[in-house]
Amino acid sequence: MELLSPREVAAFALSLLDLTNLRDDCDNAAIEKLCLRAETPYGHTAAICIWPRFVAHARAILGPGHAVRIATVVNFPSGDLAVAAVVEETKKAIEDGADEIDMVIPYRKLLAGDEAAVTEMVEAVRDACPNACLKVILETGELKDSGFIRRASELAIAAGADFIKTSTGKVAVNATLEAADIMLRAIRDSKKRVGFKPAGGIGSVADADLYLRLAETIMGANWIMPSTFRFGASGLLDDILCVLSGGNAIRASGGY
């Protein structure tokens with residue numbers, strides 16, 4: 001990337017942020033607060049990312065066609081649900097007003113050698129939400145091995161993912177630059193228009209800048225935009241707003 005000031009990086013990261021609340025104690029009041037926080041004096045986040053049970057409430061707050069998109073999660077966080085159950089979860093989320101679906105692959109089956117299970121799940125969810133943005137979560141911290149991360153990326157892309165996403169934020173190791181490098185190279189090599197979403201543990205503008213620079217190095221100038229790159233984070237907005245307001249940057253705790 002060209003040399004940007006911290007304020008410029010913060011403003012860019014804001015436009016790419018999926019502001020997230022996937023806490024176990026989330027309630028309607030927290031969703032209302034999240035929707036308000038997504039619209040700032042400096043611009044709005046790309047989306048909010050919430051549990052499926054809150055999608056209808058969020059849609060009632062934001063209204064149809066709102067600039068802040070509503071993302072929700074399915075097969076989350078375990079990745080162990082049956083395909084039919086995940087399809088129903090997806091259809092209900094779309095009916096309730098979700099714009100984007102973040103789906104966990106059956107990564108334990110992949111680790112056991114069952115690549116077909118990943119393809120089947122992604123294709124089934126893709127068919128269930130043909131007009132929604134489908135972000136496929138690989139859970140790279142559990143895959144660990146670079147070969148598994150690369151193969152999961154390839155399978156998800158081939159099966160129709162609009163984005164590939166690192167993590168749920170619910171395991172010990174979430175987004176890392178090493179996993180990001182593997183996933184971005186898989187996107188580049190596929191020659192398809194597929195986006196990338198690092199998620200979990202990204203809590204500062206400085207952290208965000210590292211991922212943005214890596215993405216531009218691999219994918220080229222002008223590739224990064226909300227349709228190709230998102231950050232999944234709950235704490236990053238605090239640091240973005242601190243930088244944009246002229247305060248000292250802080251390292252907010254990341255994770256969900």
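**View 1. Asp-18, a buried charge.** With a relative accessibility of 0%, Asp-18 counts as buried in this predicted model. Its salt-bridge partner here is Lys-197, with N and O 2.8 Å apart. Lys-197 sits in strand 9 (residues 195-197) and Asp-18 in strand 1 (residues 17-21), so this pair links distant parts of the chain, 179 residues apart. Lys-197 is likewise buried, because its relative accessibility is 0%.

**View 2. Arg-230 meets Asp-18.** A salt bridge joins Arg-230 to Asp-18, and their closest N and O atoms are 2.8 Å apart. Here the two ends are 212 residues apart, with Arg-230 in the loop between helix 10 (205-219) and strand 10 (231-233). Arg-230 counts as buried at 4% relative accessibility.

**View 3. Lys-135 and Glu-100.** These two side chains form a salt bridge of 2.6 Å, N to O. Lys-135 belongs to strand 7 (residues 133-137) and Glu-100 to strand 6 (residues 100-104), so the bridge ties together parts 35 residues apart in sequence. Both Lys-135 and Glu-100 are buried. Shared partners join Asp-18, Arg-69, Glu-100, Asp-102, Lys-135, Lys-165, Lys-197 and Arg-230 into one salt-bridge network.

View 4. Look for Glu-123 in helix 6 (residues 115-128); Glu-123 is partly exposed, at 39% relative accessible area.

**View 5. Stepping back to the chain.** The chain has 11 helices and 10 strands. Its radius of gyration is 17 Å, close to the 18 Å that the globule rule gives for 256 residues, so the chain is as compact as a globular protein of that length.

Notes: Residues numbered from 1 in each chain as written. Predicted model: local features only at pLDDT ≥ 70, side-chain atom pairs only at ≥ 80, totals over all residues. Heavy atoms only, no water. Helix = DSSP H or I, 4+ residues; strand = E, 2+ residues; numbered from the N terminus. Buried < 20%, exposed > 50% of the residue type's maximum accessible area, 1.4 Å probe, protein only. Rg over C-alpha atoms; globule rule 2.2 N^0.38 Å. Salt bridge = Lys/Arg side-chain N within 4 Å of Asp/Glu carboxyl O.
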